[in-house]
Amino acid sequence: MGLLQLLKSQFLCHLIICYVFLVSGLIINLLQLCTLPLWTVSKQLARRINIRLAYCITSQMVAALEWWSGTECTLYTDPKSYPLYGKENAIVVLNHTFDIDFLCGWTFCERFGVLGSSKVLAKKELSYVPVIGWMWYFLEIVFCKRKWEEDRSMVTKSLQKLQDYPENFWFLLYCEGTRFTPKKHKISMQVAESKGLAKLKYHLLPRTKGFWVTAQNLRGTAAAVYDSTLNFRNDEAPTLRGILNGKKYHADLYVRRIPLELVPEDEAECAAWLHKLYQEKDDFQEHYTQTGRFPGPTVSPPRRPWSLINWLFWSCLLLYPLGLLLTQLISSGSLLTIVASLAVCSAVSFGVRWMIGQTEIHRGSSYGNKEVPLNNN
Ligand SMILES: CC/C=C\C/C=C\C/C=C\C/C=C\C/C=C\C/C=C\CCC(=O)SCCNC(=O)CCNC(=O)[C@H](O)C(C)(C)COP(=O)(O)OP(=O)(O)OC[C@H]1O[C@@H](n2cnc3c(N)ncnc32)[C@H](O)[C@@H]1OP(=O)(O)O
Ligand SMILES: CCCCCCCC/C=C\CCCCCCCC(=O)OC[C@@H](O)COP(=O)(O)O
């Protein structure tokens, strides 16, 4: 192991990175709160400011992936579609298979210039996560309880608000609704069988209602669906802890651009269309398993320096006062203040570990885990 790699695996480095992330994140959350009065005066200006503030948070995690761990990202896509990425609004459909699939999504957003504005249909529980969840309120992220009767009107209203959004955005939908586990897969395939649908090997059965309501409400706003299938080389199952340890991964993303006009408007037809899409996605994953690549030409959109610059800015801003404080503490020799600072460090460490836990599949929810009574009709 090289010296740099050894340094990257040190707990102290992780503590410093997490301190910068947490403290800068809370400062940005506070700044976002200060934009509240502006929403009544100029909504579009408030949105543009919040896009930039959100970028300051999310790009730190992207920087950790791109610059700290050096993870590489290859895009497999049609060269004719490539120039449109980042220049139009789109609905992104992505497989929910890895701890850090959302982070890879963010990396592509960053490379195409839509990181600050991008959105997701997220489970309500994530809105309580400090920094990211709180930031999402101001980004007009659409939350759901994963109970259609309760979600329907709220999700529709939230989507309609995005119709006059001032900057290009990608709206991410994990149609599987939860992350892949063997147990969830087995249950969802029982559901597929009971509905007479083809079985999927690499995906859970997609939930179709969220996709249909999104497509309906973003018609005229979004130009296309980006059907995206993600995998990692060498059968890796990357984690956020791995990224913090400086482990380098290689992500492959296969993207097909499908004009939104090709998505049926009728609910049942739209559901059938989505089921067919997932069968195709399953074939692409099979192709990847067999050959180690997706079909079609590749391109590696370059990483941009902005995420690194932002990260360095916040690190300088927040590590300088921390350094001063620590020097004063040590020179004061007061046992009480030293114990108090150790307690603060432990709290930061505990808080961030809990947040990292949110990204771990083995700590995931029980959604999709319960056997459902099946009536074969
Ligand atoms: C060029 C580069 C391109 C791309 C780059 C890639 C990406 C970048 C893009 C953007 C990035 C932006 C942000 C990313 C950042 C962070 C994201 C992080 C995380 C957030 C993700 C989440 O929180 S995922 C969880 C929440 N989201 C969802 O659940 C969405 C999908 N779900 C739905 O759409 C649902 O329909 C619903 C939530 C709207 C409603 O839920 P409900 O449970 O009520 O669902 P349904 O009514 O649909 O389900 C009932 C039907 O399903 C059948 N059923 C029952 N059990 C199962 C089962 N186990 N599996 C499958 N189906 C089941 C049941 O029979 C019902 O069938 P009916 O026929 O009767 O409808
Ligand atoms: C600069 C590096 C900073 C490192 C410290 C980072 C600390 C972690 C920060 C934020 C964590 C919250 C990120 C939220 C994204 C979680 C995405 C996710 O995958 O949610 C799961 C959801 O889809 C489905 O849930 P279930 O599978 O049903 O359960």
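I take a residue as buried when its relative accessible area is under 20%. The model I am reading is a predicted one.

Entry on H13. With that cut-off I listed the buried residues of helix H13, and they are Ser-341, Val-348, Ser-349, Val-352, Met-355, Ile-356 and Gly-357. I then looked up what these buried residues pack against, and found helix H2 (11–34), helix H10 (240–244) and H12. I also checked the length of H13, which covers residues 335–357: its 23 residues reach 33 Å from the first C-alpha to the last, close to the 33 Å expected at 1.5 Å a residue.

Entry on Thr-337. This residue also lies in helix H13, and I noted that Thr-337 is partly exposed, because its relative accessible area is 33%, which falls between the limits of 20% and 50%. Leaving aside residues up to four places away in sequence, I found Thr-337 touching Leu-329 and Ser-332.

Entry on H4 and H12. At what angle do H4 and H12 pack? I read about 110° for helix H4 (residues 43–68) against helix H12 (residues 306–332), with the axes 8 Å apart, and H4 is therefore roughly perpendicular to H12. From H4 the contact draws on Tyr-55, Cys-56, Ser-59, Gln-60, Val-62, Ala-63, Ala-64, Glu-66, Trp-67 and Trp-68, and from H12 on Trp-306, Ser-307, Leu-308, Asn-310, Trp-311 and Trp-314. Sorting the residues of this contact by class, I have 11 nonpolar, four polar and one charged.

Entry on H4 and H5. I next followed H4 to helix H5 (residues 101–111), where the axes come within 9 Å and cross at roughly 105°, so that H4 is roughly perpendicular to H5. The residues in contact are Tyr-55, Thr-58, Met-61, Val-62, Leu-65 and Glu-66 on H4, together with Phe-102, Leu-103, Trp-106, Thr-107, Glu-110 and Arg-111 on H5. This contact divides into seven nonpolar, two polar and three charged residues.

Entry on the cores. Which residues touch the most other members of the largest nonpolar core? Of its 101 residues, I noted Trp-136, Trp-170, Phe-171 and Phe-211, while H4 gives the most to this core, with 12 residues. I looked at Phe-211 on its own and, not counting residues up to four places away in sequence, found contacts with Ile-91, Val-93, Leu-173, Cys-175, Val-225, Val-263, Cys-270, Trp-273 and Leu-274.

Key. Residues are numbered from 1 along each chain as its sequence is written. Chains are lettered from A and ligands numbered from 1 in the order in which they are written. This is a predicted model: local features need pLDDT of at least 70, side-chain atom pairs count only at pLDDT 80 or more; totals for chains, interfaces and linings use all residues. Side-chain values use heavy atoms; hydrogens and water are left out. Axes are lines fitted to C-alpha atoms, for helices over the stretch in contact, and angles run from 0 to 180 degrees between N-to-C directions. Helices (H or I, at least four residues) and strands (E, at least two) are DSSP runs, numbered from the N terminus. Angles under 35 degrees count as roughly parallel, over 145 as roughly antiparallel, 65 to 115 as roughly perpendicular and the rest as oblique. Contact means heavy atoms within 4.5 Å. Ala, Val, Leu, Ile, Met, Phe, Trp, Tyr, Cys and Pro count as nonpolar, Asp, Glu, Lys and Arg as charged, and the others, Gly among them, as polar. The expected span of a helix is 1.5 Å times one less than its number of residues. Buried means under 20% relative accessible area, exposed over 50%, partly exposed in between (1.4 Å probe, protein chains only). A nonpolar core is a set of buried Ala, Val, Leu, Ile, Met, Phe, Trp, Tyr and Cys residues joined through side-chain atoms within 4.5 Å.
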